[in-house]
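The following briefing concerns the structure shown below. It is arranged by topic for quick reference.

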Amino acid sequence: MIQETKVKEMESVVIRFSGDSGDGMQLAGTIFSNLSAELGNEIITFPDYPAEIRAPHGTLSGVSGFQMQLGAKKIYTPGDKADVLIAMNPAALKVNAQFLKPHSVVIIDMDSFQAEDLKRAMFQTDNPFEELGLTSVQIVAAPITQMCKSCLESIADNKQALRSRNIFALGLVCWLFNRPLEIVEKLLSEKFKKKPNVLEANLQVLQSGFNYGHNKHASVSTYRIETVSQKKGFYTDVNGNKATAYGLIAAAEKAGLPLFLGSYPITPATDIMQELSARKELGVKVMQTEDEIAGICTAIGASFAGNLAVTSTSGPGLALKSEAIGLAVIAEIPLVVVDVQRAGPSTGMPTKSEQTDLAQALYGRNGESPAVVLAALSPTDCFDSAFWAAKIALEHMTPVILLTDGYIANGSSAWRIPDMKEYPDIRPPYVTPGMREEWLPYQRNPENGVRYWAVPGTEGFMHRIGGLEKDFTTGVISTDPANHQKMVRTRQAKIDNIAAAIPPQTVMGDEDAELLVIGWGGTYGHLSEAVEKVRESGRKVAFTHFRYINPLPQNTETILRKYKKVLVVEQNLGQFAGYLRAKINGFNPGQFNRVKGQPFIVSRLVEEMIELINQ
Amino acid sequence: MIYQANDFKSPQLVRWCPGCGDYGVLSSLHKAMAQLEVAPHDVAVVSGIGCSSRLPYYMNTYGFHTIHGRGAAVATGVKVANPRLSVWLATGDGDCLAIGGNHFIHAVRRNIDLNILLMNNKIYGLTKGQYSPTSARGFVSKSSPFGTIEDPFRPAELTIGARGRFFARTIDTDVKNSQNILVAAAKHKGTSVVEVLLNCVIFNDGIHDGITARENRPDRTIFLRHGEKMIYGKDNNKGIVQEGFSLKAVTIGEGGYSPEDVLVHDATTADPSLHLRLALMDGNELPVALGVIREVEAPTYDCEMEDQINRVKAKNAARTLNEFLMSGDVWEVK
C-alpha cells in the first residue's frame, strides 16, 4: 500500500525518544542527532533520565527520555514540545503526553501496549491515547518486538531481539525524516565494532525498521529539514561536560602546564572526570579520591606543586569543599572548581537541573573569602568558560568557581573544533631569577595585586604558606588587627581588579527597548530563543546574559540602569537578582523564577516578556 | 655532606611550649634531611592543623600548613603533581586519625611515596586538652571529665589494616634513632608511617613515661633491626619467641630458652601478621617495639600514574587537544 508521502518542510523539529531506562533510548537518540548533525542540521539535545539505574520494567518511574531539536537555522534549546515521540511502552507515553504538540507523530511498539503493560503504567482503560486526551496525534503502531524477533530469528536469540528494539525504532525515524541509512550504519559499526553479532543484528533491524515505515505507514507526514550554512571547519558532537574537560585541557596547553584533576563521582559531574581520565595521551593526571574533600585537597596540593589544578563536583560536593576553597583563597593559589549544578537542597533531585548554587558559590565559606565565579552559557560554551576560568585562576592566583548545570552538562550540540590560535596565551605570574634576593612569598604585582608563584623545586625560593593570616609584607603568620583588615581588603581588591581583565557585558536585541531581560549561565539558550520570538512578534526587547558573575563586568551598572523595566530570569528563587540588588544601589528588578528541575519552557518565557512589555 | 642540618632550619622562631616533644622531632628531621643529601628546594613539608602541624614553618624548604585533617590529601596532590619532590607530612593523632582518618588510610592504601610523621601525644594540645582517638579507654580530659567510654585506635593496626608497607616507631627525645628511622622512611618508596611517641608537657605530661622514661626504656621497649635477633633488656638477656600463634617475652638461659629460640626480625616479609603482632606489643607482658617494624616493597601510586601515562602515550599519537579531537568523530563543513 505505497502511497504518495506527505512531506512537511520545517525550519525545526523536536523529537523525543522515550522508553524504559534499559531500552537504549539514549543510544538511539544520540545516533539520530549525530546523523543529523553530520548532514548539516543545527542540533541541541537533552537527555532526561531517572535517578534509578534500572527502575522496575514498564513503570512510570523508570522512563528515560532523550529529546532533540533539529533545525535549519540557529537552534538554542532542545525545544519545548515534541513533533515526534517514540514511546516504547505505555509508561513512556503517559510521562511524555504533556510534552506533545497537537498533531505530532507518535510511534509506539504495539507489542508492549498489551493489557498488562497498560496496568503497569496505571492506565484505567485499554485506550491509552483517549485516556490521555491525545485525540489529534498521528499514531504509528508498529509491532516492533515481533518484527525484531522474526527478523533476527536465524541469527539471534530472543534477548538480543528485544535489545534491538531501539534500533528498529531508529530505522523507522530515519524513514520519517528521509535520512539515508549509510551514516547510521557507519555509526553503529563504530559503536559495536567489538561485538560483530550485535552489530549484525542491529544493522538488520535498522533496515527493517526503515522498510516497515516505507511500506506500511506512508500516509503519515514525513519531514524535511534544510541544512544550515555553518561556519567552515571541522565539527564534532559535544556535551557540556566534555566541553568543560576540553576547555581545561586547552588552558593547560596554553599555559604550558600539566593538568591535574582531583574528583569524586557525583551526578551530574562525573563525566568530566571520566573524560579527563581517558586523556592520558595528553598527559592529564586524574585522581579519583576517597571523598569530595580529598578531591579538592589533592588539587590544592597539585596547584601548590605547579600544575593547573581542578576539582569537579555538584552542589553537595561543593558544600564539602567549602573549607578547602577558603584555604585556596587565603593561600592565594590557582584552582578551578567546577560545580555542575543539580536540584537541591541536600541530595535533592540528582539528575535534574537548577541554578541554585549561585549563593553557595559566592558566599558559602567562612570569613571574608572572595572567589571568582563564572557560569557557562551552553554545552559548547562550557569550553570557553572552562578556558577562561583556568586563565583567570592561573593569572590572578585565585580559586575560580565555574558553574555549569545538569542541563548543559548533558545537553549536546554540534561544535566547531576551535582553532587554538584564536585563544589568548595564559601567563602565570612566576617568580623570575632576578627577584631572588628581595622576594617574599606575599609580595604583589602593584598593578593587579597578584602575588608571584614560586613553584616547589625552584632553587632559592623556598617558602611556607598556609591557612593562617599572614603579614602583608613578610608573609609570616600574623594576628595583628590592622594587618588582618589590610589583608582582607587586599584579597577582596585582587578579585575586584579582575573586572579589568574580562570582556565588557554586551546587550543583544533592541538596545532602545523598554524591557531588559537578564539571565546568567545555562539558561542562555532558552532566553535567546524566547527573546527572538518576542522580537519576531514585532515587540522590542533587550537581552543581556552573564557569564562573569564575580566580579561583574565593569559596565554592568551602566547597562542595568538604562532600562525602564528589568526582568531577571533564573532557575532559583532569585539568587542573581538579590546579588545585583546588593551590588547596585537602589536597583530593583522584576523576577521570573522557576525551580522545577526542568529546563524553561520557551513559550512561557515569551508570554511573561510580552505581558511585561504590555504593562 | 652537601647540606648541613642548619641548611634546613628556617629563620622563623620556633614557638612550641618549652619541653615539647615536637622539638626533638624537628631536630631529627633537620639532621635526617642533611643525611639524605636532598636539596632544600626539592623538599615539600605539608601539615594539617595542631601543634605538630606548625612544623613546616620551621623548615627551610617549601612548606604548606593546610587545614585540619587534610594534610595527607594535599601532600598526595603535591607528590602526584611532581614526583621528583621529597614530600613529608607532619601530623598529630587528632589531625591524622580523627578528622583526617579517611585521607590517612587512603594515602596508605594507595602507597603514594609520602613520609608521614605521626606525632602521637594522645591529646588535643592546641585546643587545650581534649581526649584524642589514641587516648586510652577511661582517659580523663576536659572533654571526658568522667573518663572516655571508647577504645583508642592503635596507629600501627590502622596502618597495617590499610595495607601499609612501612611502619616505624620512635621516641621524641631519642634524636639519634629518630634520625635513622626518618632516613629509612624517606628512602622507602611508598607511604612510610613513623609514629613518634611524643610528650605534651602541658596537657598530657608523662603519658608515655611508662615506656619511654630512661629507667623504663630498657625493659619496656625493644629496638627492632632487620636481620637481627629480637633481644632487649637492661642486661640484654631478654628475647621474643614465638609460641603457637603468640609472641612471648623470655629470659635467655631461663626456662630452657636459648638464644637460638629468639626470633630474628624480618621487616620485609609481605605477610603482615607477625609485623602486626610486634607492633601491638604494649609494654606490659611484651615490650613496645621501636625501630622499623615493617618495610615491604610495592608499586607506588605516583610512579604507577606516570608509567600509565607513558604507556598510553606510546600507543597513541595525539599530543594536543586538537590532534585528539580531529582523530575522533568529526565532519567537515566547507
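**Strand pairing in chain B**

Strand β1 (residues 43-47) of chain B runs parallel to β3(B), and five bridges join the two; two strands are said to pair if DSSP finds at least two bridges between them. The model is predicted: local features need pLDDT of at least 70, side-chain atom pairs count only at pLDDT 80 or more, and totals for chains, interfaces and linings use all residues. Residues are numbered from 1 along each chain as its sequence is written, while chains are lettered from A and ligands numbered from 1 in the order in which they are written. Helices (H or I, at least four residues) and strands (E, at least two) are DSSP runs, numbered from the N terminus.

**Surroundings of β3(B)**

- B:Val43 has B:Ser86 as its bridge partner in β3(B).
- β3(B) also pairs with strand β4 (residues 115-120) of chain B, in the parallel sense and over five bridges.
- Seven of the seven residues of β3(B) (residues 86-92) are buried, so the strand is largely enclosed by the rest of the structure.
- A residue is buried if 20 or more other C-beta atoms lie within 10 Å of its own, exposed if 12 or fewer, and partly exposed in between, with C-beta atoms placed from the backbone.
- Both faces of β3(B) are covered, with B:Ser86, B:Trp88, B:Ala90 and B:Gly92 buried on one side and B:Val87, B:Leu89 and B:Thr91 buried on the other.

**Chain B overall**

- Chain B contains eleven helices and 14 strands.
- Its radius of gyration is 22 Å, close to the 20 Å that the globule rule gives for 334 residues, so chain B is as compact as a globular protein of that length.
- The radius of gyration is taken over C-alpha atoms, and the globule rule is 2.2 Å times the number of residues to the power 0.38.
- Along the principal axes, the C-alpha atoms of chain B fill a box of roughly 95 × 50 × 45 Å.
- Of the 334 residues in chain B, 50% are buried.

**Chain A overall**

- Chain A contains 21 helices and 23 strands.
- The radius of gyration of chain A is 27 Å, close to the 25 Å from the globule rule for 615 residues, so this chain is as compact as a globular protein of that length.
- The C-alpha trace of chain A spans about 90 × 60 × 45 Å along its principal axes.
- Buried residues account for 55% of the 615 residues in chain A.

**Domains of chain A**

- The domain assignment gives domain 1 (7-225), domain 2 (237-422) and domain 3 (508-614), the bounds coming from an automatic or database domain assignment.
- Taken over C-alpha atoms, the centres of domain 1 and domain 3 of chain A are separated by 36 Å.
- Five residues of domain 1 are in contact with eight residues of domain 3 in chain A; contact requires that the C-beta atoms of two residues, placed from the backbone, lie within 7 Å.

**Interface between chains A and B**

- The contact takes 56 residues from chain A and 51 residues from chain B.
- On the side of chain A that touches chain B, the largest share, nine residues, comes from α12(A).
- β9(A) and strand β14 (residues 331-333) of chain B run antiparallel and are joined by three bridges.
- A:Gly233 has B:Val333 as its bridge partner in β14(B).
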